[in-house]
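Take a look at the model first.

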Amino acid sequence: MSALSQLYVVVLATVGIGSTAALLAWRERPEPGATPLVAMLVGQSWWSVFFAFELEATTLAAKTFWSDVQWVGVVVIPVAWVLFAMEYTGRDQYVRLKYVALLSVVPVVTLVLAATGGSHDLLYTGSELVERNDVVMLRRDGGPWYWVTASYTYLLGLVGSVPLLEYVRSETSQFRGQSVALLVGTVAPWASNALFLYGAVPVPGLDPTPVAFAVSGVAYLGALSRFRLLGTSPAPNHRARRLVFERMQDAAIVVDSHDYVVDMNESATEMLGTTPREILGRPAREVLPKYDGVPDDGVASEYVTVDGRSGQRHYDVTVTQVNDFHGRNVGRIVSYHNVDEHLRHQQRLEVLNRVLRHNIRNETNVIYGYADLVADEGGTDVERAEIIKERAISIAEMGEKARQIIDIFEQVRRESQSVPLDKLVSKRVADADEEFSEVRVRAGSLPDGVRVNAVLGPAVSNLVENAAEHNTDADPLVEVDATVTDGWVRVVVADNGPGISAHERVVLERGTETALEHGSGLGLWLVVWAVGIADGTVEFEENDPTGSVVTVEVPTVSTTSETPRESETDPGRAEASESAPVGE
């Protein structure tokens, strides 16, 4: 087979592969990038087809004609490549008519010059036939506009490749494979064309670019079939990141390393009552409230107050550093989180806490006192007086539990304290053993040197007291054990009493009460919420043969410089002495 015949075979194979890839891409419309990819593959096939016609022609006029026709495919490829890269990577805001028209200015001028080449030397300064190994080839010398077009083509190739490079190192192997295949398919013909332009090809006048399209076609076919190029694309990623920034509820302002505002989202414009046009490019100190007090990183220690159109608003300020790929700081993001609802909730808790701390206990003391007076009078009202006193004590205890819960919630906004696990458990066991003398309350071996969140204290207290108070066994027993494994503390409180009803366990596991399904009190809710604040879990199970087993698991915490006072480990204990308990 002659060299010319072999070249024909390669070119025809290139056309076949490119056409197949174009058909596959066409079927994926309107997936992002499908239409520009079809245009690029059609451009490659066009170039290869008419390159074959050029090889077949024998006269100078015929060869120059088919060479000029090839320019249609030549100029389509780089424009389509850029549009594909933009749309494929989610930068579809650039795939609009005005940008397409702008990109097409140089290609359109090139086509006009190719069609009118006989009347000027802008595209080519000369054309001649050369014979190599019995093969007649066309050699043309490029004019000024030829090099403009060549430079423009490579520029667009570089612009289109840049967005894909970030996915070559993507953590998603599919996107990585797609990007590598696309880059290989693009670099192969451009590299061969660069060799042709610099005269580094074996046969002068023979442009190997259409032959290299065979490599491109195989790469694009692999991307379409093996890596599902148009079935799964990163197009949403770029847009989604921007959308998250724009629509996030927190106000976010991007400041560069020189403290100038360079970007902001919609919430920020609403918070500041202005527009991006008025803010962007200005010093942050002029537009952001109390900017000098904003930390370099982390959360500000104080709330920031902003006077807006709807009145005064309070914000929690968080600063996140922005570094480039070399680890150099290039700016930071200042986020403002509205805490007005949190402050209102905090105010409600403070009012409720004050009411529970004083009013309910005072009122139940009055009820208990009058019930005593009724009982002292004797007669048939003594039994009723005792019922009133029991109910008064129950209300007081419920108020105490509610007050402890509020104090636990208050600890969420304070810096957490840690306490030794062995002391925490031992103290709760000793208190319950003293209060319920008829019940055996004992603790197993407790690990030394382990600290837990102090909020666990009220939870253990309520579990032990609940198990002891409601234990009706002939030989009542409550046991508390604690173990530590892989940074987690496991506290088990077991008893041989009647146990926790299945109904109540369902309510606790569901995490909410209804009008028909509700728990018997606040004690177990206190346990669940306190353990949750300590980032732990609670499990309720039946004991064998009777009773219940409650397992609490919480993470250990690092040692703090100060051990909290007893009132901090068990919220509500210190305040109990403010007024005499009901019944004492």
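How many cavities of 30 Å³ or more does the count come to? It comes to two, where a cavity is a set of points on a 1 Å grid over the protein atoms alone at which a 1.4 Å probe fits but cannot get out. This is a predicted model, with local features needing pLDDT of at least 70 and side-chain atom pairs pLDDT 80 or more, while totals for chains, interfaces and linings use all residues. Residues are numbered from 1 along each chain as its sequence is written, and side-chain values use heavy atoms, leaving out hydrogens and water.

The second largest cavity holds about 30 Å³ of space. Helix H17 (456–469) and strand S13 (488–495) each give two or more residues to its lining, and H17 gives the most, with four.

Now for the rings: the whole structure has 11 aromatic pairs, meaning Phe, Tyr or Trp rings (for Trp, the six-membered one) with centres within 6.5 Å; planes under 30 degrees apart are stacked, over 60 edge-to-face and the rest tilted.

Trp-46 and Phe-50 are about one helical turn apart, because they sit four residues apart in helix H2 (residues 34–56). Both also belong to one aromatic cluster with Phe-53, Phe-65 and Trp-66.

Conventions
1 Å grid on protein atoms, 1.4 Å probe; cavity = no way out; pocket = protein on both sides within 12 Å on 5 of 7 lines; lining within 4 Å. Points joined across faces, edges and corners; volume = space filled by probe spheres on them.
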